[in-house]
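Welcome to this guided tour. Open your viewer, get ready to select residues by number, and we will go from stop to stop together.

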Amino acid sequence: MSYLETACNAARLAGEMILSQVSTGIIAEKKSSNFDVVTEIDKRSEQMIRDFILEAHPEHFLLGEEESFAAEKPLSQVLQDAQDVPFLWIVDPIDGTANFIHGIPGFTISIALACNGEIILGVVYDPCRDELFWAEKGKGSFCNDKKISISEAEKAVDCMIATGFVSTSAFREVNIASMDSIGKEFRSIRVLGSAALHLAYVACGRLGAFWQYGLSVWDIAAGVLLVKEAGGTVTNTKGNVYSLSDQNIIASNSKVHSTVLNCL
Ligand code: IPD
Ligand code: CA
Ligand code: CA
């Protein structure tokens, strides 16, 4: 099985299971803060994906959000070590858990593969709309069987932009504050509840841009490649090229990138 087939099959398998559990009286547990929630289904999804990927590629490593939360080693160290890992899968088993818990569409499975710290494959699956976004380095981005590309809009006023609410209070405040200036430039702001979905939507041109503070690598690793391979730009909020340890990012169709940057 190719790496791409592994990622797509794992995402679809988990997506089907997650969808079957919507509105079944899911219990949300608090994680790192009152805003950070997790369910048994997040953990089950991660286990399914882990088993599927490591059975196909037993010599590879996998960094999953839920296992990493329970792990001893700090994430910064894991990401530093990733530079020397030939194949590291980075998995968010449900991106948009809050939507999932409340029965709101807009949750995804995000799976990326990094080779010595460079993302070479990204898959974001939205089971509610049965949209599978995927990209391989140097080969373009796709939604199901169709090639996708970023929006052609030249001006911010002609673009929709999205952001999200992070679970850490300090990052929330900065993010909410930044909405003020962004809201004056763009057509409108959306908060769809999944960073991975936001990036997929930048890649296919539905959104002109996305920005957010306080993200984690599993939220965005796959989506970053989708955006780049679709012709877009991804930087941190200082304007530097995205690296795996960046938490504050801007992704755009390139043309409106500087407008976002200047607003922050
Ligand atoms: C969250 C979503 C949300 C973003 C948060 C993330 P989770 O991921 O991506 O859109 O605003 O920062 O933590 O907790 O649902 O996997
Ligand atoms: Ca996430
Ligand atoms: Ca998650």
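A salt bridge is a side-chain nitrogen of Lys or Arg within 4 Å of a carboxyl oxygen of Asp or Glu. Searching the whole structure turns up 12 salt bridges. Before you select any, note that this is a predicted model, in which local features need pLDDT of at least 70 and side-chain atom pairs count only at pLDDT 80 or more, while totals for chains, interfaces and linings use all residues. Residues are numbered from 1 along each chain as its sequence is written, chains are lettered from A and ligands numbered from 1 in the order in which they are written, and side-chain values use heavy atoms, leaving out hydrogens and water.

**Stop 1: salt bridges**

Select Arg12 and Asp130, whose closest N and O atoms are 2.9 Å apart in a salt bridge. Arg12 belongs to helix H1 (residues 3-20) and Asp130 to the loop between E6 and E7, so this pair ties together parts 118 residues apart in sequence. Helices (H or I, at least four residues) and strands (E, at least two) are DSSP runs, numbered from the N terminus.

Next, show Arg206 and Glu131, which meet in a salt bridge of 2.8 Å, N to O. Arg206 sits in the loop between helix H7 (195-203) and E12, and Glu131 in strand E7, 75 residues apart. Are these two partners buried or exposed? Arg206 is partly exposed at 35% relative accessibility, whereas Glu131 is buried at 10%. Here buried means under 20% relative accessible area, exposed over 50%, and partly exposed in between (1.4 Å probe, protein chains only).

Now try Lys255 and Glu154, whose side chains meet at 4.0 Å, N to O. Lys255 is in the loop between strand E14 (249-252) and H9, and Glu154 in the loop between strand E9 (146-148) and E10, so the pair ties together parts 101 residues apart in sequence. Glu154 is exposed, at 56%, while Lys255 is partly exposed, at 38%.

**Stop 2: two loops**

Most residues other than glycine have a negative phi. Go back to Asp130: its phi is near 50°, a positive value. Then select Asn116, in the loop between strand E5 (108-115) and strand E6 (118-126). The phi of Asn116 is also positive, near 50°, and this residue is partly exposed at 39%.

**Stop 3: a buried tryptophan**

Select Trp89 in strand E4 (residues 88-95). With 0% relative accessibility, Trp89 counts as buried. What does Trp89 touch, not counting residues up to four places away in sequence? Its contacts (heavy atoms within 4.5 Å) include Tyr3, Ile53, His57, Phe61 and Leu113.

**Stop 4: helix H6**

Finish with H6, whose 17 residues reach 26 Å from first C-alpha to last. That is close to the 24 Å expected at 1.5 Å a residue, where the expected span is 1.5 Å times one less than the number of residues. Find Met179, where H6 bends by about 30°; the bend is the angle between axes fitted to the seven residues ending there and the seven starting there.

Which residues of H6 are buried? They are Arg172, Asn175, Ser178 and Ile182. Among what covers them are strand E11 (188-190) and helix H9 (257-263). Ile176 of H6 (residues 169-185) is partly exposed at 42%.
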